[in-house]
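Please keep the sequence and the 3D view at hand while reading.

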Amino acid sequence: MTDPQIALMMLGLFIVFVFLGFPIAFTLMAMGIGFGYYAYFDAGRMWRTFNRLGEDADMWDSWTAWIQGLFNNRIFDLFVNQTYTVMSNEVLTAVPLFLFMGYIVERANIVDRLFGTLNIAARNVPGSMGVAALITCALFATATGIVGAVVTLMGLLALPAMLKARYSPSFASGIICAGGTLGILIPPSIMLIVYAAASGVSIVRLYAAALLPGLTLVGLYLIYVMGRAILQPSVAPRPTEDEVPRVPFVKLAWMLATSFLPLAFLIASVLGSILFGLATPTEAAAIGALGGMLLAVLYRSMNHKRLRESVYLTVRTTAMVCWLFVGSYTFSAVFSYLGGEHVISEFVQSLNLTPLQFLILAQLIIFLLGWPLEWSEIIIIFVPIFLPLLKFFDIDPLFFGVLVALNLQTSFLTPPMAMSAYYLKGIAPPSVQLTAIFRGVMPFLLCVFMAMALMYAYPDIVYYLPRLFYG
């Protein structure tokens with residue numbers, strides 16, 4: 001077999017191992033080192049010391065030199081260098097800080113107060129409880145960026161309230177599942193940091209570019225929720241006085257000031273300091289982490305146990321991301337050295353696609369990969385395969401990255417591996433069937449596709465803010 005054929009076999013075996021359930025980060029490292037040992041195998045270089053031993057060398061020296069030669073393959077040097085590159089990447093420094101902010105905010109008991117306030121404020125809006133749940137999900141998801149936490153917490157808080165208010169189980173489930181995924185798109189998003197580290201795109205410009213598409217998607221979700229409530233009132237009945245009481249305007253304003261404004265101010269402070277150049281993403285993430293701790297203290301929810309849990313979860317998730325990067329960098333380096341990227345590049349170029357056709361093909365592949373894989377694995381492993389082709393098709397990596405971030409909303413919503421649906425099913429009442437949850441998320445998938453179509457048709461949705469802020 002030729003080296004490019006071995007590279008393609010390497011990629012195929014990796015996909016097989018993923019479907020068999022092997023840990024992805026360690027599978028990448030094992031396959032990178034295994035195939036890299038073959039790719040960089042050089043007997044003369046590896047056993048140079050052993051070959052120079054004289055005839056008078058004793059058996060111990062011979063065996064020592066031979067074993068040292070066995071580990072003298074350049075793949076081990078590459079692995080160490082890639083590990084150091086990941087650990088010294090300044091962009092990734094923001095990841096643990098944003099994660100810590102998210103885990104602290106999750107434990108600050110803000111969400112229940114926020115949902116209750118928005119529920120009262122929106123009581124005269126069609127589908128008011130769904131609108132309140134969606135806005136709460138959007139704010140909470142933006143502050144945390146942790147899909148499982150948002151869906152689980154909102155499922156425990158908002159789903160029983162909506163079911164009690166006679167909402168359709170599928171409609172209520174779809175709102176929570178779709179709203180919980182918004183944190184990986186709307187800045188400050190951890191996913192965008194990971195894409196910036198993988199592609200070399202400025203994280204500041206990426207944040208500015210992703211803001212309007214994220215708000216556009218939220219707007220489409222709200223239009224669908226309110227439109228469905230108007231056209232089909234039975235799925236979202238208007239709340240009764242017992243379910244959502246009326247409160248005086250002054251009291252409502254105070255409730256908003258103590259629940260909605262603190263979280264909104266925290267998000268605006270972090271994002272604004274990045275977009276206006278007042279702080280780097282890492283510095284802004286540190287501000288956000290400190291702000292999250294202050295919120296937890298003000299809401300009297302900070303204690304040693306919650307702080308310890310937040311630190312532990314931050315370290316665990318950060319380690320997962322870092323090892324994914326180490327494995328991906330090693331795997332990609334060996335794959336490229338064997339000629340795999342060149343084969344894929346030549347094949348795609350031979351199809352004579354237009355830039356629009358290439359974008360659609362790439363997004364279709366990423367959409368399909370979202371069924372078995374999570375966003376982190378797609379961004380770190382498969383997106384770098386497309387990046388070298390962007391220059392050939394004259395596509396801006398900034399635009400491509402926002403499009404991928406929008407597309408990856410579907411990875412949490414598309415059966416059979418719709419993780420948001422499984423998160424919700426795990427804490428939902430037994431009467432809420434998984435099939436009902438799947439039915440509920442389908443219209444929101446159409447909203448995602450509509451948002452992507454709007455980006456294709458009106459690229460200024462992506463470019464307006466970066467051009468406004470940075471020229």
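## Cavities

Helices α16 and α19 each supply at least two residues of the lining of the largest cavity. Helices here are DSSP runs (H or I, at least four residues), strands are DSSP runs too (E, at least two), and both are numbered from the N terminus. This is a predicted model, in which local features need pLDDT of at least 70 and side-chain atom pairs count only at pLDDT 80 or more, while totals for chains, interfaces and linings use all residues. Residues are numbered from 1 along each chain as its sequence is written, and side-chain values use heavy atoms, with hydrogens and water left out.

The structure holds 2 cavities of 30 Å³ or more. A cavity is a set of points, on a 1 Å grid over the protein atoms alone, where a 1.4 Å probe fits but cannot get out; a pocket is an open set with protein on both sides within 12 Å along at least five of seven lines; lining residues have an atom within 4 Å of a point. Grid points are joined across faces, edges and corners, and a volume is the space filled by probe spheres set on the points.

## The largest pocket

The volume of the largest pocket is about 490 Å³. Of the 20 residues that line this pocket, Y103, I146, T317, M320 and E374 lie nearest its centre. Two or more lining residues come from each of α7 (94–106), α10 (147–164), α16 (304–337) and α19 (375–392). Helix α16 gives the most, with 5 residues. The lining comprises 12 nonpolar, 4 polar and 4 charged residues.

## T330 in helix α16

T330 lies in helix α16 and is buried, at 0% relative accessibility. Buried means under 20% relative accessible area, exposed over 50%, and partly exposed in between (1.4 Å probe, protein chains only). Leaving aside neighbours within four places in sequence, T330 is in contact (heavy atoms within 4.5 Å) with G32, I33, I75, F79 and Q82.

## Y221 and its surroundings

Y221 sits in helix α13 (residues 203–231) and is buried, with a relative accessible area of 0%. Apart from neighbours within four places in sequence, Y221 contacts L134, A178, L182, L413, F444, C447 and V448. The C-alpha atoms of Y221 and V131 are separated by 9.0 Å, although the two residues are 90 residues apart along the chain.

Y221 also belongs to a cluster in which ring pairs link Y167, F171, Y221, Y224 and F444.

## Aromatic pairs

There are 22 aromatic pairs in the structure. Rings of Phe, Tyr and Trp (its six-membered ring) pair if their centres lie within 6.5 Å; planes under 30 degrees apart count as stacked, over 60 as edge-to-face and the rest as tilted. One of the pairs joins F71 and F76, whose ring centres are 5.9 Å apart and whose planes meet at 45°, so this pair is tilted. F71 is exposed at 52% relative accessibility, whereas F76 is partly exposed at 25%.

The rings of F399 and Y463 have centres 6.1 Å apart and planes at 20°, so they count as stacked. Because F399 lies in helix α20 (residues 397–407) and Y463 in helix α23 (residues 460–470), the pair ties together parts that are 64 residues apart in sequence. F399 is buried at 7% relative accessibility, while Y463 is partly exposed at 22%.

## Salt bridge

Side chains of opposite charge can pair when their charged atoms come close. The count is 1 salt bridge, defined as a side-chain nitrogen of Lys or Arg within 4 Å of a carboxyl oxygen of Asp or Glu. It joins the side chains of D460 and R467, at 3.1 Å from N to O. D460 is partly exposed, with a relative accessible area of 43%, and R467 is partly exposed at 43% relative accessibility.

Technical notes. Ala, Val, Leu, Ile, Met, Phe, Trp, Tyr, Cys and Pro count as nonpolar, Asp, Glu, Lys and Arg as charged, and the others, Gly among them, as polar.
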